[in-house]
Structures are given as C-alpha cells and as structure tokens.
There are 4 protein chains.
Amino acid sequence: EKMGTPSWKVWVGLQEAKTAKFWKAVSSELIATAILMIVQCSVPLKWPGNNDSGTTVQIALGMGFVVMCLIEGFGHFSGAQVNPTVTLAMFVARKLSIVKAILFILAQCMGSLLGSGLVYVVTPANATGTFATTVVNPLMTPAQGMVVEMYLSFMLVFVIFGATDSVKKITMPSLVIGLAVAMNICTGINHTGASMNPARSLGPAVYVNIWENHWVRLPLRPQVSL
Amino acid sequence: EKMGTPSWKVWVGLQEAKTAKFWKAVSSELIATAILMIVQCSVPLKWPGNNDSGTTVQIALGMGFVVMCLIEGFGHFSGAQVNPTVTLAMFVARKLSIVKAILFILAQCMGSLLGSGLVYVVTPANATGTFATTVVNPLMTPAQGMVVEMYLSFMLVFVIFGATDSVKKITMPSLVIGLAVAMNICTGINHTGASMNPARSLGPAVYVNIWENHWVRLPLRPQVSL
Amino acid sequence: EKMGTPSWKVWVGLQEAKTAKFWKAVSSELIATAILMIVQCSVPLKWPGNNDSGTTVQIALGMGFVVMCLIEGFGHFSGAQVNPTVTLAMFVARKLSIVKAILFILAQCMGSLLGSGLVYVVTPANATGTFATTVVNPLMTPAQGMVVEMYLSFMLVFVIFGATDSVKKITMPSLVIGLAVAMNICTGINHTGASMNPARSLGPAVYVNIWENHWVRLPLRPQVSL
Amino acid sequence: EKMGTPSWKVWVGLQEAKTAKFWKAVSSELIATAILMIVQCSVPLKWPGNNDSGTTVQIALGMGFVVMCLIEGFGHFSGAQVNPTVTLAMFVARKLSIVKAILFILAQCMGSLLGSGLVYVVTPANATGTFATTVVNPLMTPAQGMVVEMYLSFMLVFVIFGATDSVKKITMPSLVIGLAVAMNICTGINHTGASMNPARSLGPAVYVNIWENHWVRLPLRPQVSL
C-alpha cells in the first residue's frame, strides 16, 4: 500500500501498527465479536417451561442477522471478521499483515470472553444449561465432527470471499454472508453445534467449563489417530 | 438549515413547528407507531387450542418486517422512528429540534395507545393473556433485565445510525434495520420481552394494567440500588 | 396515454381492450392468481401424523415469497395484482381503466378457482381439512373480524403504493411487498385467516363449501347491523 | 458466439469442449451440486430426542439460502444450475450446447452422489432415517405426486428465467431464486418432498436404497397408465 515500503515489511505490518486506524480496527474486532457472542449465547437458551425457546430457526435467523448487522456496522473499520478462521484465511490471501492477524485473533478471543460473560451474568442458572457450548453430537465420532466443522468453515470462508470480490461487486454482501451463516446453522447445528469459529466456541466453554472435543473447531487441527 | 436563523433557534425548533411539513411528520409518527403496535400486540397472542400461535420466530419476523414496511412507508415523512429511545438518540445527535423531539415522543405514546387499543377490542378475552406486555423474566433480577434492555436499545440505535449513514449509502437500510429488530427479539425475548421501546411497552401495560419493573425500559433509567 | 384520446375514453378503456397487450395482461392475472392459490392452498395443510405441517411461519414465508416471485415474474405484464382489493385501489388511483379493472377481477376469480382446484385434486381427503378457507375465529364477532381484515387490506395496499412509488424508486419492491404479506399473515392469521384478498378466499370456499362470514373479506363490505 | 463457426457446431459444442473454461464450468457444476446435497441431506435429519430437528422452515430456509450462496459463488463459472431440469430448460432455450448440457447433467449426478455420500458417512445410523429421499406421500397416488413435481419444477424454471432476464436486470437474482426454492419447499414438501431436481433425488436414493415412485421427478416422465 504505502509506496516505497518493501513488501515484506507490509506483510509483517509493524509500521501499520503505529497508526490510530490500526488500533481502531483491533478494537472494532473486539467489540463486534462481543456483540456476536451476546446473540450467540442468548438465542439457544432453553428457558424452563418454554418449549419454544432456543429453536433451530430462531438460532439460525438470530445469528444470520447479527452477522449482517456487524458487517454493516463494523465492516468499514475492520471487515467485521469476528472469527479467527476468517482472519487466518484473509492472512493467507495476503489481505492482512501478520501483526494485524495476530492482534485481530487476540481481540476476537477477548471479545468472545467479554460477550459470553455479559450474557452469563444476566442469565438465570436454570436457563443456562450447556450455555451455547459447541460439542460434537454424542452419537458421532470426533472425526465425523471434524469433517462437518471443516465443511462449514470452508463454506463460510468461500461465501465471504465470493461476496466481497471487488470484481463482481454484488449488491448486498452483508445479507449474503449473514444468510450463509443461517444456512450453515440449519445444516450442522445437530452435528457439532455449527461453530465455524474457534473464538465463538472459546467464550461459552470458559464459563461452563465444557471442553469435550473442543479441538475439532480449531482452524489448524492436529492430525490425531482416533 | 434555514440561512440567517441562529443555530440555537434551529435547535429549539419553534419556527419549524409553524410549517405543515412539521405536523405531517408528527402525524406520521403517531400513525406509524399505531401500526407498529397493531402488529406487536397481535403476533405474540396465544390462542386457545393453538400451540403454534405466538412463537418466537413468528414474533421476530412479524416485527422485523413491520419495521421495514414502516420505514419504506413513513420514512420520507418523519423517519419512522416509532420509538422514544431512537428519537432521543437522534436529538442528541442533533438531527432533530427539541420541540420536534418532544412532539414525536408524545405522538409515539399516543400511537401506542391507539394501536394497542385497536387490537385489544378485536381480541377475545381468553386469547389476550398478558397482551404483549414486556415483563422481566421472573427468574431474573430487575438489574439483569435492565442490562439486557440497555444492550438491545444500544444495538438498535447503533444499526439505525449505521444503516442511515449518508456516506456509506447502503442499499436497503429498511431491510437491515428490520432484520436487526428481528435479531434483537430472537436474542432477548425470553429475558425481558425485548421491548427496546418505551412507547411500545406503554400501550399494552395500560390495557391489561401490568407495570411490573416497567422502568427498565425507559431510556433514562433511574440509578436505583437493588 | 394515447395522445388525442379523450380522458374519459382512457378511463373506460374500451380502445385498450382491442390490443394484444391488454389480453396478455388479463391472462397474466389469471395465471399469477392460480399460482398464488396453489401455494395458498398447499402451505396450511395439516397432514395426518405430521405436527410440523402448516405452521404459521411456513405459511407466512411461503406466501410472502410467492408474492415476491409473482411480482418478478408477472409484474411487467400486469403488475401481478392477483387481488381484487388491490385492483380496486389501483382503479381508484386512476392507474387502471374500468374495463381492465373488471376483467382483472374476473381473471383473478377464475385463477383462484383454477389454482385451488389443482391443489384440491392432488391433496388426499384426510389432509384437506378446511382447505385454506378463511373463517373469522369462532371466539370473535364478525364485526371484530371485519376490522382486522380492513386493517390488513389497508396495510397491504399502503405498502404496495409506497413500494411502487415512481419518485422514491426503492431497490427491491417485490421483496418489500412479499415481506409485507408475510407480516400480515403473522399478524392476523389467528383472527381471520389473514385473507386480504376476496379472490383468494373464493377458491377454497367453493371446493369445501364453507362460506361462514365470508362477506368480511369483500372490499366493499355491506353495512350490516350485528 | 465465435464468429465464423456454423451455428449447428455451436449448438453441438465440441469446439467449446476443448477450452479450459468449459471444464472449469463442468467442475463447478459438480462441486456446487455436492454442496447443495450436503445441505439437502443435513437439514431434514430427525435426531433422536430432538423434536425441533428437521422442521419444514429449517429445511426451506437452509435450501433457499444455499441456492443463493451457490449462485453467488459458482454463478460466474457455470450458472450454478445444479439441477438437470434447469440444464435441460437452458438447453431448450438455446443457452447451452448439447455437449455441455450432457456433461453438466453427468457432473450434477456425480456431485449429488459425492455430497450425499459425505453426509452419509458423518451421520449416525439412528439419525439417518429415510435420509432426505423424496417419496410421494403414501396418502397420494403417483399421478398426483407427478402433477405436484411438474408444478414445482415449472415454478423454479419460470423464476430462474425471470430473475436472470438480461432486459429486466433485477437487483438480486440470487436472493429471488433462493427464496423461490424456499417457497416451493413450503408448498410441496409434504406432497412429494419437493425435489424439483432429479440429481438431488438420485444421491440419497442410492445410499439408503429407496426408489419408490422415483420416476415422478424425472424431467421427461414416461407416459404410464396408473
């Protein structure tokens, strides 16, 4: 971007990190991920005596619409990636410096803890349940769960890259990406909880201390023999 | 706006109040809020013998779509704010004179009473129930409820300001704001009824006389020790 | 439109009725209303042993999306009014000649009979039930039902005029009108079946011979003492 | 397209088949249909102990949104037809050479087997059930089922041709086509499973070996006496 700067310096991004715009972007990721998690931790709650709470369609639409809102509200600051997998993909595609990528991921994890924590303190204990943690369905093997999460992450990143393509210039990228999240939740919620997002899975896991098969949602998954 | 008028006079807005356009805008808020309340009081009704009435998704989509329709239908008259919290935020952002803000809020309260009343007279007594009143979930403390309502109001105002930003010029602001309302209902309906709107809470409360913890939905909430 | 033609002749529209374009438009209303009714008669069916069939959200989205599709598919032929109330409103607003309005309404009624009939012959008897007929909820008085239907018809016409305003030029009128239909169904389905459309109510009533309080859905309702 | 080439050669399309672009398009159909089937086989699964899995609205929105995503993601490679009926209609409309049409249909069938297979291996046996196979409702005759499938296929093709019309240039064709798929599922899911797509019906049928009345979904249906 900056003329005269060697390309490897741009790739590292230390110079960029001295600007106010850079830290605005990092803060934007933190706040946007916190909002994502406020919705994420609220929509699936099963309230005592209310069979209609936490239905799949409520979760899918709530999450799809919040992603759309975050892109409209925070997109011009940081892209509203709110997801380490997306940030990693953007980094690989050379749309992000390494310093920015690392700080975005840290901000996303902190935002997740913040947003989940806020919902945790306002939710009564008997409605908390497993609190939006994403566990592989007990009827499935962890390897099966990993395949599902890999597919869902791929689809999300694929749609994001397609919808934000500067050549195609589609009309409402925020709506398309939001509805893609809703689609992925309709697809995989019963298999793995349809996380697609390691930061999203982090927050709830910390508060209710459920870590079962958590690794299947990491973008760089270990090659384990099951 | 008007050249030659001192800025404090524009801020007060008495001059503006002498125009027909001004009173058209006030009437527009009254009618739009009445329509909002007709939908709001109808969608959550639980009809005897029909388990499928008043589901969360029905409420969320009904309210999201009516907000979209009101913005398309009344937006060019008054902005279709239909919400004292939004009007207050617009006033703070200097997009509204003080006289206009006060009359908008009065019109919204009157509209709420009108719309709720219309639904009240056409709804059979055994389907009325708590009639769309917004009460803090009995499993929660009022303070928890207030945190939820403050978050929901913040998100709504945040999306409205983002979607109507004259620089970004997004494609369908009415759709984005409508779906943000649907998202907020998916998020907070079981916590507090997801009011986000003191005028919206006023109407139903008057007809069925339920005022429990009503203050948590006021935009300027008292600092009480609980 | 045609220069040199006296305005009353345009208003009557006999000259227009000699063109192929005119009859294309009339046919378009017939086919579009038939498609509307195919969806309308299918979505609310309660299938034996399937509690999830005919839910409110399924009906609302099915009908909202079909109206959007019809406007995209038939809008340039005839406006895809598919509703005598809309045609009457368009006639009053001088957007339609009297001959065209009458033939549109006849075509809509024939289309309703055709579409409903098609669904009737492919639906098993024990899933037919009251077959999408719109009756006022037995808990309500007919006068209450009429108020609800008048409000729903008003909202529909109001959104149609707003969304197709040639000055505002909104981005996706078909989507806005479709979602307004979905909103109206979420609002009034338990009160009156949310007809909004006399042609829509005609077809099913003929096949299962249910005419109870049918008159509340006519655009020109008789002034009866109840 | 290519100047100097006789039109019948363009219609056959052998020359086109020597280009990289051609094979990219064929691969695009294979991958896009595989993704379609991953969603199609996942959304209707009934999980033990979860009454809220596989609801009609979840299926309709999941499938509608995936079609929108596929058009945005693969549309510029091959049109994202993902459906032999659509490919056949495009061929009849002279928008496709015969060689391309045949290879597209083969690719769609292979994609269907691939996508369905992927879901089959990650889904526990007691959640598989009839695995998204499309059978005519046992309360209906096969002839009735065929009428429903013919109507649904017609509507889909009609909306696709309308939404991609180069004269009308509508704003978001992907959204309109996606919501048309959702509409068709709301309409016909209880009659026939709302296949609209022979390739879509092929994959699941292979894995669970259910072929009952499969022929009603073929675009060229045999004239049988029932």
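**Tour: chain D and its neighbours**

Helix 3 of chain A and helix 3 of chain D are roughly parallel to each other, since their angle falls under 35 degrees. This is a predicted model, in which local features need pLDDT of at least 70, side-chain atom pairs count only at pLDDT 80 or more, and totals for chains, interfaces and linings use all residues. Side-chain values use heavy atoms, without hydrogens and water, residues are numbered from 1 along each chain as written, and chains are lettered from A in the order written.

Select residues 56–78 of chains A and D, helix 3 in each (helices are DSSP runs of H or I, at least four residues, numbered from the N terminus). Their axes, lines fitted to C-alpha atoms over the stretch in contact, come within 9 Å and cross at roughly 30°. Show Thr56(A), Val57(A) and Leu61(A), which meet Val57(D), Gln58(D) and Leu61(D) (contact: heavy atoms within 4.5 Å).

Next, select chains D and C. The contact takes 30 residues from chain D and 33 from chain C. About 2,600 Å² is buried between them, 74% of it from carbon and sulfur atoms (accessible area, 1.4 Å probe, lost on being put together, summed over both). On chain D, colour Leu139(D), Cys186(D) and Asn190(D): they lose the most area to chain C, together 19% of what that side buries.

Finally, display helix 3 (56–78), helix 7 (142–163) and helix 8 (173–192) of chain D, the elements that give two or more residues to the side touching chain C. Helix 8 gives the most, with 10 residues.

Methods. Buried area = accessible area lost by both parts, 1.4 Å probe. Axes fitted to C-alpha atoms, helices over the stretch in contact; angles between N-to-C directions. Parallel < 35°, antiparallel > 145°, perpendicular 65-115°, else oblique.
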